[in-house]
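Subject: Structure for you to look at

Dear colleague,

I am handing over the structure below, and I would be grateful if you could read it alongside the notes that come after it.

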Amino acid sequence: MLMRRNPQLNAHGELIHLLSIEGLPKAVLTQILDTAGTFLSVNDRDVKKVPLLRGKSVFNLFFENSTRTRTTFEIAAKRLSADVINLDIAKSSTAKGESLLDTIANLSAMHADMFIVRHAESGAPYLIAQHVAPHVHVVNAGDGRHAHPTQGLLDMYTIRHYKKDFSNVSVAIVGDIVHSRVARSDIHALTTLGVPEIRAVGPKTLVPGDLAGMGVRVCHDMAEGIRGADVIIMLRLQNERMSGAMLPSAGEFFKSYGLTPEKLALAKADAIVMHPGPINRGVEIDSAVADGAHSVILPQVTFGIAVRMAVMSTIAGNQA
Amino acid sequence: MLKLDAESLYAELRQGVRALLADGTRPDAVLVGIWSGGAWLAERLQRDLSLPGTHGVISSTLHRDDFGARGLAAGTDATALPFAIEGRHIVLVDDVLYTGRTIRAVVNELFDFGRPASVTLAVLIDRGGRELPIAAAFAAARLAVPAGQRLRLARADDGGFSFAVTQAH
């Protein structure tokens, strides 16, 4: 049988697109995290810019709203000396009926070297990656419920920064896991990097049953889910993705699964609390926790720039 | 195949760098070794010349001109400059000077940290083959090495230096 190559890797096993963490070898993930460490120190220089993407054009293609992710990609690309073009696609051609691939063909004619894509449809970045010229690179900035690989990588960077090592930590992911591309990317990354204990915590309606097959312990009880955890990743309750009556109310959810100082006390004394943002205070996380000593939510944002610089410079340096 | 005695070349380099530091034109100069071979040399020179403080290390990776063809090279995180660059006299140390492209990249990297008063280059071996207008103020040896050969400094566990000459592919 013909083995299909992972579309993110070239024949030498080097990363040329970042579409999903699933299927990427540990060495590729570790190399990105190590490279990100370098870029974090670029912030300490007089000149906070390196010329790796000088002369390249990076197109931010966000078919779905985002402020944090789009901005951090833009900052990352600019720190690498790329020219950044932001397209507000929701208001432009697509609204006039242009197909995704026609949009890409037109932007390619404008000499795009890299596309950063966010799309409501799972798999859209894959489709784009299959149709671009060999020198063009694609980064998935979130596709539907499927994947958000740079968020997954920056979460891994954050965990490694505070916990030093993946081999001895217990990570609890709490909340709306069924709709969360972040959770999916995190679980693939944590598994690949050898984290021994991953727990998925939330109500039956929001925690898919097939997670056990991915080596994840499913907990429907919050206390059980976070007891003794080193890392707690809170997810946003995604109102805009919620269809049907999956939850009685946001208030009910907070009572059972919202992270309060009392519940946090069940985790390890030096546990860190993460959140991909934007946070809903009083829905999934109490303000006292979000702003408290265990919270690393804002460092995550800073690390996100360095991780995105690492991803862009890595793929730009590899040939298809 | 070429045989080179790295330890006796190092003794020459030590004399040369001592002279550069003592000639009165570079007050309070600091040593910066180019990762990785040059960094080993700078580390040992710092000790053998009893210089105060710690030597600097600099990597060419973020400014290389072959990034498009070769991608990110190792050593991206090697740059460590434990002193202010602004207004400093810098003595760059490397094992082998060849095309000059690494030096060009490293000088750019250095300027990301400030504006040095001067930058001077000292190397173990100048093997010719320059592709840029760059010269070393001191070279322990100047010799022609065929383009197909790769010259690389190695450091043993006891800190001793040796040269490995390999056929480039």
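The notes below take each chain in turn, then the contacts between the chains, and then the nonpolar cores.

Please keep in mind throughout that this is a predicted model, and that the values given here are computed from it.

Chain A

Chain A contains eleven helices and nine strands, and its C-alpha atoms fill a box of roughly 55 × 50 × 45 Å along the principal axes. A compact globule of 320 residues would have a radius of gyration near 20 Å, and the 19 Å found for chain A agrees with this. Buried residues account for 48% of the 320 residues in chain A, and among contacts in this chain with a separation of 6 or more, 76% are between residues 24 or more positions apart.

One element that I looked at in some detail is helix 6 of chain A, which covers residues 181-192. Its twelve residues should span 16 Å at 1.5 Å a residue, and the C-alpha atoms at its ends are 17 Å apart, which agrees. Eleven of these twelve residues are buried, so helix 6 of chain A is largely enclosed by the rest of the structure.

Chain B

Chain B has four helices and seven strands, arranged along the sequence in the pattern α-β-α-β-α-β-α-β-β-β-β. Its radius of gyration is 15 Å, close to the 15 Å that the globule rule gives for 169 residues, so chain B is as compact as a globular protein of that length. The C-alpha atoms of chain B fill a box of roughly 40 × 40 × 30 Å along the principal axes, and 41% of its 169 residues are buried. Of the contacts in chain B between residues at least 6 apart in sequence, 68% join residues at least 24 apart.

In chain B, strand 6 (residues 149-155) and strand 7 (residues 161-167) run antiparallel and are joined by seven bridges, one of which pairs B:Arg152 with B:Ala164 in strand 7. These two strands form a hairpin with five residues between them, and B:Gly159 in the turn has a positive phi of about 90°.

Contacts between the chains

Between the two chains, 13 residues of chain A are in contact with eleven residues of chain B. On the side of chain A that touches chain B, the elements giving two or more residues are helix 1 (26-42) and helix 11 (297-316), and helix 1 of chain A provides the largest share, three residues. The residues on that side of chain A divide into four nonpolar, seven polar and two charged.

Nonpolar cores

The largest nonpolar core has 102 residues, of which A:Val174, A:Ile232 and A:Met312 touch the most other members. Helix 11 of chain A gives the most to this core, with eleven residues. A second, separate core of 45 residues includes B:Ala39, B:Val57, B:Ala136 and B:Phe161.

With best regards

Key. Residues numbered from 1 in each chain as written. Chains lettered and ligands numbered in written order. Predicted model: local features only at pLDDT ≥ 70, side-chain atom pairs only at ≥ 80, totals over all residues. Rg over C-alpha atoms; globule rule 2.2 N^0.38 Å. Buried ≥ 20, exposed ≤ 12 C-beta atoms within 10 Å, placed from the backbone. Contact = placed C-beta atoms within 7 Å. Nonpolar A, V, L, I, M, F, W, Y, C, P; charged D, E, K, R; others polar. Pairing = 2+ DSSP bridges. Expected span 1.5 Å × (residues − 1). Core = buried A, V, L, I, M, F, W, Y, C linked by C-beta atoms within 7 Å.
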